[in-house]
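Please view the sequence and the structure below before reading on.

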Amino acid sequence: SSGINAECPLRPGYFEIAKMAGLFSTNMHLPRQVDMKERVADFWRDEATLSQPKKHTLRPIVTGTSVLGIKTKDGVVIAADTLGSYGSLARFRDVSRLMKVNESTIIGGFGDYADFQHIMKLLNQQTIDDKVIGDGVYRDAVSIHNWLRCVLYNRRSKMNPLWNTIIVAGASYSGEPYLGYVDKIGVSFEDKSVATGFGSYIAQPMLRKAIEENPNMTIDEAKHLMVRCLRVLFYRDCRSLNRFQIGVVGGGDCSISEPISADTDWSIGANPSGYE
């Protein structure tokens, strides 16, 4: 018997080594049972994962609402509130959505705030490059508006859009007031008054009516009009906040105000009926 055991390939210690190597799965020393259906399913599951297209932002997360702009006889006025909404939650209440690009241009951003931060970073780098070159040439509002149109359309063509609508307020090289609009798919235009978000339904009619009644509006009159429009938006838009900034380009000034608030009167809440 010892001779037989000596010639047997399954000598003592073999099973322990085999179990460590994974050749056997039970104490009965039976060969491992392989489920080919499971192996095939795992293979195609991995293939499906690897072959999926690259995923991008499908919807904005932290967003800003309306941006308003109006052209006057001696400049441009732009305004936006300081709320960054996390869905329907008024999460960030001190978010500036206006940016001074240079001494002739201010932009305002509607939509995803992270994407707007990316746009601001690109514009900041352009401003730095202009200063480093030092040839006295700068980008006016028209140039920045056209550049933003190309950037947003390019990202849209890659199926990875920047989820923003940008308002460009400023002056051209000739000093003429300029007000432009460009959205996340590259649609752009210039107008006497522009608005984004809910403001395009509520504030834009107020802006157009004011221009019709007073074609030679001054900057101070436009600022008062902006306050009135933002007050109405605060009443009507649940994504707005009674804390906003106003930017002015014109009259030798290019600046953005500190956050301010409008006087409100909620006694109008007693007027609507039929919701009891």
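## Pockets, a cavity and a helix pair

The lining of the largest pocket comprises five nonpolar, five polar and four charged residues; here Ala, Val, Leu, Ile, Met, Phe, Trp, Tyr, Cys and Pro count as nonpolar, Asp, Glu, Lys and Arg as charged, and the others, Gly among them, as polar. The model is predicted: local features need pLDDT of at least 70 and side-chain atom pairs count only at pLDDT 80 or more, whereas totals for chains, interfaces and linings use all residues. Residues are numbered from 1 along each chain as its sequence is written, and side-chain values use heavy atoms, with hydrogens and water left out.

Of the 14 residues that line the largest pocket, Asn 102, Thr 127, Asp 130, Lys 131 and Tyr 138 lie nearest its centre. Strand S6 (98-102) and helix H4 (113-133) each contribute at least two residues to this lining, and H4 gives the most, with five. Helices (H or I, at least four residues) and strands (E, at least two) are DSSP runs, numbered from the N terminus.

Spaces are found on a 1 Å grid over the protein atoms alone: a cavity is a set of points where a 1.4 Å probe fits but cannot get out, a pocket is an open set with protein on both sides within 12 Å along at least five of seven lines, and lining residues have an atom within 4 Å of a point. Grid points are joined across faces, edges and corners, and a volume is the space filled by probe spheres set on the points.

| Space | Volume |
|---|---|
| Largest pocket | about 230 Å³ |
| Second largest pocket | about 150 Å³ |
| Largest cavity | about 40 Å³ |

The second largest pocket is lined by Val 232, Tyr 235, Arg 236, Trp 266, Ile 268, Gly 269 and Pro 272. Thr 65, Ser 66, Asp 81, Leu 230, Leu 233, Ser 240, Leu 241 and Phe 244 line the largest cavity, with four nonpolar, three polar and one charged among them.

The axes of helices H6 (residues 199-213) and H7 (residues 219-236) come within 10 Å and cross at roughly 155 degrees. Axes are lines fitted to C-alpha atoms, for helices over the stretch in contact, and angles run from 0 to 180 degrees between N-to-C directions. H6 and H7 are therefore roughly antiparallel to each other, a term for angles over 145 degrees.

Conventions
Angles under 35 degrees count as roughly parallel, over 145 as roughly antiparallel, 65 to 115 as roughly perpendicular and the rest as oblique.
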